[in-house]
Amino acid sequence: MLKSSTQQQKNILNTVIDALPDNRPITSLQLVEEFEKCPKHFQPINKTYDQDQDADLWREKMLIGKRTTRYLCQSKSEGLPGYIVETLKIINEKEITPEGFSQLTRTADTEQKAWRKKQLVYRLAKKGSAKQAVTDIILCSRLRQAPEGFTLAGDINGILVCFKLSPVPHRPSPSVPSRQSITDLEKTIENLKIQSSVSNPDPQPEEHEYEQLLSSYQLSPKRVAPKPPIYSTGTLNIHTDVEGVPFMLNPALKKYATDMPAIYELTGAQLEYDFHLERQVLCTTKSQNVQLTNPFFH
């Protein structure tokens, strides 16, 4: 069940990849007699672009005997390393190959003669210096001009050969370090290893994705923080903004301190109070409601 699910995911992924446009440059071309025998990492062009018909380039009618066929194959990974197909051209079979162009003289699968009457030639260019490259080739059996976005290479026995040109992205190649710089880097790394071993003689614990804390490590503070004073109002506990702030005079202001004269002083006689009025009120309350208990009368 798991194998079947994995294979299904691979099939879906391949379908998505095939549906996406492939703008990589073509790196090599081959010709075969049977498209089923296309070389590894090559894709045969066995159907025409406009009518989805057989894309045979030999196009010779045979009444008796085996039918001869030729199919063009393209690759975007094989060929001369660092080179890409820059352009295509159709010339006559016996015409001299233009300067800088390459030709296909034999089929890759049967080593037979490649072309009849006309032939396809192509020019390779270094990928780092080419501004444009061939990224797609189509064959048309009915159209007489190249579709939009394609360039006409020519006609081979009634089949129109068209190709698509795309700009080649150029990225600055990384600089190759000299042998001297590599040696200096090796010495620096070795010195760092020696310093690390001297400063850390104990073996280091193996690395983990998360930091591991020792069991003796205390996450909580050793001293408990003082609790702020709480002012109770009904059922709510209200904390003020100055909780925990000691109420004291700034030491810098102590030099300006002066003795303040007493504005009002109370004598011992003035501090005595007999609560006579309060007692009288309590006696009146007791006479009106005998059920109430008065703390001053028993």
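Threonine 27 touches Ser75, Lys76, Ser77, Glu78, Gly79, Tyr83, Ile84, Val85 and Leu124, leaving aside residues up to four places away in sequence; contact here means heavy atoms within 4.5 Å. The model is a predicted one, in which local features need pLDDT of at least 70 and side-chain atom pairs count only at pLDDT 80 or more, while totals for chains, interfaces and linings use all residues. Numbering starts from 1 along each chain as its sequence is written, and side-chain values use heavy atoms, with hydrogens and water left out.

Threonine 27 sits in the loop between helix H1 (2-19) and strand E1 (28-32); helices (H or I, at least four residues) and strands (E, at least two) are DSSP runs, numbered from the N terminus. With a relative accessible area of 12%, threonine 27 is buried (under 20% relative accessible area, 1.4 Å probe, protein chains only). A polar atom of its side chain lies 3.2 Å from the backbone nitrogen of serine 77.

Turning to the sheet, three strands form an open, antiparallel arrangement in the order E7-E9-E8, where two strands pair if DSSP finds at least two bridges between them. Strand E7 (132-140) and strand E8 (151-156) are the edge strands, each pairing on one side only. Eight bridges join E7 to strand E9 (residues 159-167) in the antiparallel sense, and leucine 139 stands opposite valine 161 in E9.

E7 also has a part in the lining of the largest pocket: strand E2 (43-45), strand E3 (71-75) and E7 each supply at least two residues.

Technical notes. Buried means under 20% relative accessible area, exposed over 50%, partly exposed in between (1.4 Å probe, protein chains only). A polar contact is a pair of N or O atoms within 3.5 Å; within protein, one must be able to donate a hydrogen and the other to accept it, and residues adjacent in sequence count only if both atoms are side-chain atoms.
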